[in-house]
Amino acid sequence: MNTVVIPVSIRMLSHNHLRFAMTVIGIAIAFFLAAAQIGLLVGWINTNSAIITHADVDIWVIAEETRAFDYGTAIPRHRVQQVSSIPGITWAEGMLIGWATWQHPDGKRINVEIVGLDSKHAGAPWSMVAGKIENIEQPDTVIIDELSYDVLGLHDLGDQAEIEGHKVILGGVSSGVRTFTAAPFVFTSIENALKYSPYYKDEEISYVLAKIDPNSDLIQVRDRIAKEVSNVE
């Protein structure tokens with residue numbers, strides 16, 4: 001049957017050369033559009049998960065029903081100690097994600113996403129072109145990405161601006177830290193971030209990040225945390 005169908009199909013396709021060519025071109029365009037859309041989707045996923053990917057931790061502890069990384073719900077900072085006490089945890093620390101208004105030196109007001117880091121700096125920028133990650137431990141000091149130079153109006157280490165009426169000093173510049181939203185990331189310490197994030201109270205954070213002992217079972221440790229630490233996932 002196939003020996004008859006295939007020659008007939010070829011003759012039908014080649015009968016009208018113009019129609020055949022337009023069909024092939026249409027299929028090719030559809031294929032490339034689909035490939036481009038898949039590429040965009042993969043790029044968006046990688047951008048949206050970049051901080052999570054580069055944090056290099058095994059477990060994220062979050063408030064119940066948290067929907068997105070950029071919109072974390074506040075949890076008490078002592079959750080870090082509670083997670084640290086779980087058997088199998090090597091270390092744990094906090095992270096604060098908040099939104100604030102940046103005052104450009106020219107007077108413009110810009111929404112920024114604050115990323116407050118703990119002592120081990122899990123979730124910090126993975127590529128620095130100026131300054132050091134440790135500089136965020138200094139009062140009022142932040143790190144921005146070089147892609148945000150013009151948007152935020154800072155270019156050199158030591159330049160100053162304001163967030164929510166509080167002074168900020170540029171202490172470092174990262175490279176390649178893109179955001180899924182239009183708001184630039186601003187990295188700093190949790191202590192600084194609490195001043196800049198009006199919706200957080202003292203001693204609140206968004207997430208607990210934890211590393212487990214290599215000899216421990218990840219799923220078992222996760223389940224212990226879920227059982228022994230209240231109001232988290």
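Colleague: Where in the protein is the place of Asn192?

Modeller: Asn192 sits in helix α6, and helices here are DSSP runs of H or I of at least four residues, while strands are runs of E of at least two, both numbered from the N terminus. Residues are numbered from 1 along each chain as its sequence is written, and this is a predicted model, in which local features need pLDDT of at least 70 and side-chain atom pairs count only at pLDDT 80 or more, whereas totals for chains, interfaces and linings use all residues. Side-chain values use heavy atoms, with hydrogens and water left out.

Colleague: What makes Asn192 count as buried?

Modeller: Its relative accessibility is 5%, and buried means under 20% relative accessible area, exposed means over 50%, and partly exposed is in between, with a 1.4 Å probe and protein chains only. Asn192, at 5%, therefore counts as buried.

Colleague: Which residues is Asn192 in contact with, leaving aside its neighbours within four places in sequence?

Modeller: With contact taken as heavy atoms within 4.5 Å, Asn192 touches Ile136, Gln138, Pro139, Asp140 and Thr141.

Colleague: How do you know that the side chains of Arg77 and Asp118 meet in a salt bridge?

Modeller: The term requires a side-chain nitrogen of Lys or Arg within 4 Å of a carboxyl oxygen of Asp or Glu, and for Arg77 and Asp118 the N to O distance is 3.4 Å, so the pair qualifies. The two residues belong to distant parts of the chain, 41 residues apart, with Arg77 in the loop between β2 (75-76) and α4 (79-84) and Asp118 in the loop between β4 (109-117) and β5 (128-131). Side chains of opposite charge can pair when their charged atoms come close.

Colleague: Are Arg77 and Asp118 buried or exposed?

Modeller: Arg77 has a relative accessible area of 15% and is therefore buried, and Asp118, at 13%, counts as buried too.

Colleague: How many salt bridges does a search of the whole structure find?

Modeller: The search finds four, among them one between Arg222 and Asp223, whose closest N and O atoms are 3.0 Å apart. Arg222 has a relative accessible area of 44% and is partly exposed, and Asp223, at 39%, counts as partly exposed as well. Salt bridges that share partners join Arg77, Asp118 and Glu191 into one network.

Colleague: How do you know that Glu93 has no salt bridge?

Modeller: Counting Lys and Arg as positive and Asp and Glu as negative, with His and the chain ends not counted, the nearest side chain of opposite charge is Lys120, 6.1 Å away. A polar atom of its side chain lies 2.9 Å from the backbone nitrogen of Ala122. Leaving aside neighbours within four places in sequence, the contacts of Glu93 include Asp118, His121 and Tyr207.

Colleague: Why does Leu18 count as exposed?

Modeller: Its relative accessibility is 61%, so Leu18 counts as exposed, and Leu18 is found in helix α2 (residues 17-48).

Colleague: Which residues form a nonpolar patch on the surface?

Modeller: They are Leu18, Met22, Ile25, Ile29 and Leu33, with about 530 Å² of accessible area together. Accessible areas come from the Shrake-Rupley method with a 1.4 Å probe, and for residues only the protein chains shown count as cover. Patches are made of residues with over 30% relative accessible area and no salt bridge, like charges being joined within 9 Å and nonpolar side chains (Val, Leu, Ile, Met, Phe, Trp, Tyr) within 5 Å.

Note on methods: A polar contact is a pair of N or O atoms within 3.5 Å; within protein, one must be able to donate a hydrogen and the other to accept it, and residues adjacent in sequence count only if both atoms are side-chain atoms.
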